[in-house]
Every structure is written in C-alpha cells, then in structure tokens.
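This report covers strand pairing, aromatic contacts and backbone geometry in one protein model. The structure is shown first.

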Amino acid sequence: MKKTLFMTLTSLSLFACNGSEIIEKQHATGNYYDPQKPVEISEMLPSWGQIDQNYLIRGNFPKDTANIRVYFGTKKAVVLGCDGRELYGMVPKLYPGLNSLSVVVGNDSIVTDFQFKYYQKQSLKNIVGKENEGDEYIEGTFDEARIKNPTGLGTVTGQDGDNIIMVEGEWESRISLISLDDNKMIKIGDVGWCGGPAVTSTRDKFYVIGREGNRSVYSFSKADGWVATPVADLTITNDMLSGGSVVGGLTFAEDDRYLYVMTGDGYMGCIDLVEKSFERLLEKDDWDGVNVGTNWISYLVYSKYYHCFFATHEGGNGIFKITQNAEGKWIAKKFAGFNNGDNIVLGHRLNDAVLRSPSGIAVNKDGEIFFGSKSGSCILKIKGDMVSLVAGVPNAWWTGVSNEPLESGFNQPLAIVTDYEDNFYIADRDKRLVRKLTIE
C-alpha cells in the first residue's frame, strides 16, 4: 500500500490501479467542527498497516487536539492534527492482527466497529525537528518545533507511554521535554553546559551534571514539574574526576543511589547521592592499552541484561566493556571495533568491524547492543559477536531522510536510548532531528 500524508488539513482519497488506497493531504485551513452535532466517527483510513504510518479518521471532532486521545486496542496513538472533520496522526506499535479503534474526546469515549489490521515492520520516523532546519530553537507542536544540536536523550514515563528528555549541550545549553502525550516540545531547564541525562529506574526522575570543570549535579522529577533542583552539598571537582568533558557519560546501574560518570579523557567514577561522596573507578591508563587521554566524545550505558557497563570511545573507534572483578577492581576491556578505516565494515565485533567514531549506545531487553556511528552516518547493532547495519546509509551523511531505515541518511547520530517497549530514539545532531527507530 502506498500512502502519503502531509500534515495539513484536507484530504482527497483516490484508488491506485492495483486497488490500494492512496491518502493525499492538501493544504487547507478552517475549522469544520459542528458543535450542534454529536462527536462521531464515520470513517478510518487505512484499515491496515504498520507502525508510525499515518492514519486518518473522519467525523465530527473539536479542533483542539489537547482534549483528544486515539487508541488502537489499548495503545495510545500520536495525534498530529485535527480540522474538525478530519483527525490524523501516527499508528503506535501494536500486536499483530486486528486492533479496535476508539477515540476519547474530553471525558467521552467513542468505541467504534472499525478495526485496524497491524503488520509488524521496521520503521524510522522523525519526531521533532526538520532536516537541516534549526538556526534557532523553537518550542511548540511537533510540526512547529525546531532543534539545534541534540547531544543527549533519556526516556521518562508519560501518561500512556514514554516522553523524551533532550539535552542540547554542544554550542548551546538547553534541556527540553518532548511530550508524546501532548505532541509538543517545551524547554524545561537551562543549568549551563551539561551532559546527557541519567534516568532513574522509576523513570520519573533524571539527573544531569556539568559538562566540564567543577561540576554541579541537578535533579529533575516529574512530581515537581521537571524543575531543576541542585543536589545540595555535592560538587564534583577536577581533582576528584578530571577536567574532561562529560557528553554522554552519565548513567545509573542497579541502584538509584549510585550515579556513574565518565569523561572523554578516560576517567570514570561513582557518585553516592546519599552520602554525597565520590569514588574514582578508572583512570586514563586503565583502558586495555588504548590511549584515551585525549578529550573525545564518549557515551556510557549500563546493561541489566549483561550486568556491566559499555562505553563508546570516539577516538579509538571502539567500544569497551566495563566490569568489576571479585576483588572489587574495575576493569575495562576492548569489546568491539578499535580498527581504523575510512568506511564502515561489518562482521566480527573485534576481528573485522570498523565502527567510525561510535557515539550513543543502548542495550535492549534481549541484550542486543545498538549504537550510533558518528562519522559513519548510521546505526549499528551487535548481536552475539557480529556487527550489522540497522539504519542509515554508511559513509553518506548527505543522503536525505526517509521512513525506510536502510534508505535514510544520518549526519552525526549521537545519543540513542530505548523506551519501555524497546523502541529507539536517536539524536541526529547535524540533521537537527530526534528520530524514532522501531525494529520488530
């Protein structure tokens, strides 16, 4: 099925020669809601499809989408717009097969006889931003919003699913909430130049730390409306850690009491948030013979599947595995990459793979490791001992964006995180996008 749906407000339905339906959206304005008539649903298009494709629901609805929720089965869908007679958005990740459609308007729930037949797939969708448009930061709806230099991401609990915390911490400093509940992006804080967020296991609170120098630590909690709160009596000085940059090197492990931090010049430590103390775990000479002394961009993640840390190192073109032995000593070992080359090379993670400045890293519930290749313009995966390509066109940053993962270009993909359903969100820095990658 071919489908095109531009984010405007009037539709024209046609049928292709093969009988499949094409949804075309044309530019229009106006409010066609009739308050004298009941809220109703008369048609749903299409009747089958896959994740993140656009849906169109015809009927009579209030234009304000803040009071409208759309469900396929029990899964809430993203609502992108409404002109009073047409409501449209994106299909969520569903179980394969038939899923009933329902719409909630205010306190009124409309259960329909319409069913959507869901087929699993891989997809790539732009959530916030527009390719190469971000000369200034703009808050607002997903269609209106623009971002400049996303370097850190985290996912936190929302009303029906997850929302996204985004840190822009390179040329400017800014922390934003990308609300999938409300289909809007808003700035929630500016605590100065900081690294990416570390989200607690409860997923309703996150922390950031100053990127360089004598660093303060800040917490943000959902209960407090995501307001920045300095952690009292806690400053991580250069003497305690180092003067290197913290870009993506902040994470929790098994216990939300301990916050782990890593700099780009090869130092790693543990912050005790209760005792307000700090312990250095690794120094620049502890990285399996790799010279990590230069201040490169690095990202740190803890995997509850493997019960260890993984850390990317841009300059070494590799990924480390970090564990603690029986005597309590921390050990960093080469895990993938560390081979030089001008092009991405797939294959065995250590013997063959050329990773080209690996950046953000995430591990899903099945133990598959996903990471960005900053210079290679793609997203890679490690399963077992093998590195494979999951999204992007290797070594071709100029390629335009697409909904097809293997046909879409990336330009310095930095942070990557998972949500509760193991979808991935990617900060595509130089294309100025936050993107959603779903692999079913």
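Two strands pair if DSSP finds at least two bridges between them. The model described here is predicted.

Strand 6 (residues 68-72) and strand 7 run antiparallel and are joined by three bridges. Within this pairing, F72 stands opposite K75 of strand 7. The two strands form a hairpin with two residues between them, and G73 in the turn has a positive phi of about 65°.

Strand 7 also pairs with strand 8 (residues 86-90), again in the antiparallel sense, over four bridges. Here V78 has M90 in strand 8 as its bridge partner. Strands 7 and 8 likewise form a hairpin, with three residues between them; G84 in that turn has a positive phi of about 105°. Strand 7 (residues 75-82) is mostly covered, with seven of its eight residues buried.

## Aromatic pairs

The structure holds 17 aromatic pairs. One of them is formed by W48 and Y119, whose ring centres are 5.7 Å apart; their planes stand at 80°, so the pair is edge-to-face. The cut-off for that class is an angle over 60 degrees. W48 belongs to strand 4 (residues 48-49), while Y119 is in the loop between strand 10 (108-118) and strand 11 (122-129), so the contact ties together parts that are 71 residues apart in sequence. W48 is partly exposed, at 38% relative accessibility, and Y119 is partly exposed at 37%.

Elsewhere, ring pairs link Y260, Y302, F309 and W330 into a cluster.

## Charges over rings

Two arginines are placed over tyrosine rings. The charged end of R85 sits over the ring of Y32, 3.7 Å from the ring centre. R174 lies over the face of Y137, and the distance to the ring centre is 4.0 Å.

## Backbone geometry

Most residues other than glycine have a negative phi, and most peptide bonds are trans. The bond between L45 and P46 is cis, with omega about -15°. P46 is in the loop between strand 3 (40-45) and strand 4.

R203 has a positive phi, near 65°, and is not a glycine. R203 is found in the loop between strand 17 (198-199) and strand 18 (205-209). W226 is another non-glycine residue with a positive phi, near 60°, and lies in the loop between strand 19 (215-221) and strand 20 (229-236). Is W226 buried or exposed? At 9% relative accessibility, W226 counts as buried, because the limit for that class is under 20%.

How values were computed
Residues are numbered from 1 along each chain as its sequence is written. This is a predicted model: local features need pLDDT of at least 70, side-chain atom pairs count only at pLDDT 80 or more; totals for chains, interfaces and linings use all residues. Side-chain values use heavy atoms; hydrogens and water are left out. Rings of Phe, Tyr and Trp (its six-membered ring) pair if their centres lie within 6.5 Å; planes under 30 degrees apart count as stacked, over 60 as edge-to-face and the rest as tilted. Buried means under 20% relative accessible area, exposed over 50%, partly exposed in between (1.4 Å probe, protein chains only). A charge sits over a ring if NZ of Lys or CZ of Arg is within 6 Å of the ring centre and within 35 degrees of the ring normal.
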